Every structure is written in C-alpha cells, then in structure tokens.
Amino acid sequence: MDKIVIDGGRPLKGRVRISGAKNAALPILISALLTEGWNTYTNVPNLKDIQSTLHLLTNLGARIEIDKDTVRIDAGGLCKHEAPYDLVRKMRASVLVLGPLLARLKKARVSLPGGCAIGARPINLHLKGLARLGASIELKHGYVEASAESLKGNEIYFDIATVTGTENLMMAAVLAEGTTVLRNAAREPEIVAFADVLNQMGAKIEGAGTSIITVQGVSALKPVSVKIIPDRIEAGTFMVAAALTKGDVTLTDCEPGDLEAVMHKLKLTGAAIKVEDKCIRVVGTDQIASVDVKTLPYPGFPTDMQAQFMVLMSVAGGLSIISETIFENRFIHVSELQRMGADITISGDTALVKGIPHLSGAPVMATDLRASASLVLAGLIARNTTEVHRVYHLDRGYEALENKFARLGAAIKRVKV
Ligand code: EPU
C-alpha cells in the first residue's frame, strides 16, 4: 500500500490543469447502459472509481475501449442485471446501475451498499422513487431485487435532495411511459451536466439545476459523444492549497461558475481571487482570517470541501465554526488533524476550530477520500515531515494529486510500502 510523504513549508506557485469531474463521470459512464452502440466520453479522469465503474459495466456485458482520457462504451450486449457485493462495496455509486438496468432489462439485482466512513448513507429514497415508477422492490440477502413489467412516469418527492438518487431516477424515467416529475431534486452542477448528456442521447428532460425536474419518457435513446465537465472539488482543493501555503496558483480548464460558494468563503479568509474565463488565480495572504462555514446542498458550501477548508481554518487568525449538515460522521479527519497539533473541538454536527500558528508533521491515516485530501493539505504547511497512509482513498477521486502538487513546488512524493 502506498503512502504520501510531504515536507511542509513551501508556497505553491504556478498553473495546474483541473481534470474531469469524478461525480459527473460516474453517472454519465453508467448511462451508456441506456443505449446500444458506441458512446464516446472525453476528459474522463484516471481514477480508481472510474476503473471500478468500467469493471462493473464490463461485468454487465458492455464493451469498453480506453485511449488516454477517452473512454468508449457500447452496452448493446447488456446481458446481466446484477451488481455484486464485491463491486458495490468498493464504490457505492455502483447503485446507479439500478435505474438503467430497470429501464432496459426491467430487472436489477444490486448489492445494498451499507454504511461508509462518512455516514449511514441509505438508498431508501432511490428505492421509493423506483417503486413510484412501478418497480417492485424486495430486499433479499443484502441485495435489492427490483423488477417491473413496465415503468410508468409519476410524481416523485424526495424527502432529502439526493444527488445519486436524482440521477438514478432520471435514468429510470427517461425510458418510462409518460411524464415523471422529480420534486426537491438535487441541483448540483453534475445533475445539470448529466441532464445535458441524456438530452443529447434523445431524452426530454427539463428543469435540471432547479429543484423540479421533468422527464418525458421516450421509446429509445441514441449513443453520444460528450466531454466530462471539470471537477469542482478538485478545483476547490487546489484553491484552498494555494491560500493555505500563501502561494500563487492559477487553475486552468475549470468552471468558476460552479465554485461560487468556495470562492466567496476563500475571499473572506483574505485570499485574492481573480477569475478569467476558465481560469481561477488564487493568491494567498499572510494573515488568514477565520470564517464560519456550513455545508449545504448546492449552491451552498459543498460537504466535499469541508475537510479541506477546516485545514485552512486550523492555521487562521481566530475562531471558526464549521457545521456539517449533509453527512452525520464527516469529521473523521479531525482526530488526525489534532495529532498534527490542530486545536479543534467537535460538538454534534459542529467543529470549533481555533487557529494556531503552525501544524507539525506526523504520520496520519486517511479514512475517506476528502479526509485524505485534507491530510495532504495539512502536510503541505506542517513543520517537518508528514506521512499520509492508506492513500488508496485519495486515488479513488484525485488524479495524480501528488504529481500536480509537486509541479507547483511542493516537496511531496509517493512511496511504495
Ligand atoms: N440520503 C438518504 N436516503 C437516500 C439518499 C440519500 O437519507 O436514499 C441522505 C444521505 O445519507 C445524505 C444526504 O441524503 O445525508 C445527501 O446524500 P446524497 O444522496 O446527495 O449523496 P450521494 O449521492 O450518495 C453524492 C456524491 C458525494 C457527495 C454527496 C453530497 C457522487 C458519486 N457522490 O453522494 O461525493 O458528498 O453527493 O454532495 O456523486 C465524494 O466525492 O467524496 C463524495 C462523497
């Protein structure tokens, strides 16, 4: 298992290209199941979660060709309807096959993902929604078994706005008879990108980006050729890194419009931010100001940026209150940051972060994707050496993170253990 070793204290300087978005690519690649013929996807990030997705699709009978960041998928030979435990436990987004399998084969057997490090993360709302479209759902031996004679459009209300739940229901509804209305739908940029792709395939979806999405079912979809949107969380992570190291970093190939909340909070900390077309330049300040943050569904501050922002606040000039409202256990990075000297107290869904002058390097353990990123960020400014263990979490969602940081001047390397 690899570890990342960082000698902290170097300001990051230069330009970094932002890769394609993991959370946009996952549902988009899976939507290839809805059609026959070769789909072409470009700007696909090279990540463990993408490999897991392609493995799952191959397992279901799809043909796949990969050339650098281009992935071609033909699901004409779709012959299986099962996502086994071994694949789903590696990547819970595998549950996204439920919608398209039901739509195309009228049956699906998908392992229940179970909880994960950041929370219980049930999929009850996915299942309730599919039942509203006419699917019969049974839970047997740890698996969801879903089947339907035909899917019929209906009104679906999500008790909680769920990103993958909205995507799953969009995929089930595109080939259903009649019209489906998704209320309290998720509004993330990945949902808008996903609706765009489905519409290019011939779907009739309106309202993506608002909380009401209308899907008028069609009889068949056609293959597409699309480019994956930039990863706003990778971009946010580099923006925080620039501010944290008091550096000067320009992000290229990103989508500033998707990062308003992060940019707003970063400006309040004193960082100078300049946006030009698809580039964002972040220049750090010597005096980082403390700022409160509450995670919320888009367009609020993303939960996927909470851990990274907490590192910035751990060396800010005062007190910061960070509230996590999306996942019930997303403070697991705190105990590792405390081992690096951070002064953080947790009370329920709130962390009180008292800024200190510097963190000190330590061996630390990654527990989930964004927690891992926060530990790498902490290592970039900590005195002496930080070793981040269990970096397979990082590899699930960041493309060559250590190489990108090294090119910006960080003393960082991956070591095979
Ligand atoms: N929820 C339910 N029931 C459901 C579905 C969700 O109670 O059936 C709850 C969840 O437990 C959570 C809240 O609703 O408390 C929102 O969860 P959501 O379903 O929106 O999360 P997700 O779709 O499983 C996606 C991203 C996550 C990101 C969240 C929130 C993908 C593949 N994953 O997860 O990304 O944190 O939305 O924005 O799109 C990451 O990239 O590190 C990551 C965890």
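View 1. Leu352 has a relative accessibility of 36%, which is why it counts as partly exposed; buried means under 20% relative accessible area, exposed means over 50%, and partly exposed is in between (1.4 Å probe, protein chains only). This is a predicted model, where local features need pLDDT of at least 70 and side-chain atom pairs count only at pLDDT 80 or more, while totals for chains, interfaces and linings use all residues. Residues are numbered from 1 along each chain as its sequence is written, and side-chain values use heavy atoms, with hydrogens and water left out. Together with Leu319 and Ile321, Leu352 makes a nonpolar surface patch of about 250 Å². Patches take residues with over 30% relative accessible area and no salt bridge, joining like charges within 9 Å and nonpolar side chains (Val, Leu, Ile, Met, Phe, Trp, Tyr) within 5 Å. The areas are Shrake-Rupley values with a 1.4 Å probe, and for residues only the protein chains shown count as cover. Leu352 sits in strand β21 (residues 350-354); helices (H or I, at least four residues) and strands (E, at least two) are DSSP runs numbered from the N terminus.

**View 2. Helices α1 and α2 side by side.** The axes of α1 (residues 22-30) and α2 (residues 48-59) come within 10 Å and cross at roughly 5°. That angle makes α1 roughly parallel to α2. Axes here are lines fitted to C-alpha atoms, for helices over the stretch in contact, and angles run from 0 to 180 degrees between N-to-C directions. Under 35 degrees counts as roughly parallel, over 145 as roughly antiparallel, 65 to 115 as roughly perpendicular, and the rest as oblique. On the α1 side, Lys22, Ala25, Leu26, Leu29 and Ile30 meet Asp49, Ile50, Thr53, Leu54 and Leu57 of α2, contact being heavy atoms within 4.5 Å. An α-helix has 3.6 residues a turn, so residues three or four places apart point the same way.

**View 3. Ser111, tucked into strand β7.** Ser111 belongs to β7 (residues 107-111) and is buried, given a relative accessible area of 1%. Skip the neighbours within four places in sequence, and Ser111 still contacts Ala83, Pro84, Tyr85, Val88, Val95, Gly142 and Tyr143. Its C-alpha lies 9.4 Å from that of Arg92, a residue 19 places away along the chain.

**View 4. Val282 in strand β17.** This residue of β17 (residues 279-283) has 0% relative accessibility and therefore counts as buried. Not counting residues up to four places away in sequence, Val282 touches Met239, Ala242, Ala243, Gly247, Asp248, Val249, Ala271, Ala272 and Ile273.

**View 5. Salt bridges across the chain.** The rule here is a side-chain nitrogen of Lys or Arg within 4 Å of a carboxyl oxygen of Asp or Glu, and the count comes to 26 salt bridges. One of them pairs Arg104 with Glu36, closest N and O atoms 3.6 Å apart. That pair ties together distant parts of the chain, with Arg104 in helix α4 (residues 98-105) and Glu36 in the loop between α1 and β3 (38-42), 68 residues apart. Arg104 is partly exposed at 22%, whereas Glu36 is exposed at 53%. Glu82 and Arg109 meet at 3.0 Å, N to O; they come from strands β6 (residues 82-83) and β7, 27 residues apart.

**View 6. Asp368 and Arg330, a buried salt-bridge pair****.** The N to O distance is 3.9 Å. Asp368 is in the loop between β22 (363-365) and α12 (369-381), and Arg330 is in the loop between β19 (319-323) and α11 (333-339), 38 residues apart. Both count as buried, Asp368 at 10% and Arg330 at 7%. Elsewhere, salt bridges that share partners join Asp2, Asp395, Glu402, Arg414 and Lys416 into one network.

View 7. Most residues other than glycine have a negative phi, and most peptide bonds are trans.
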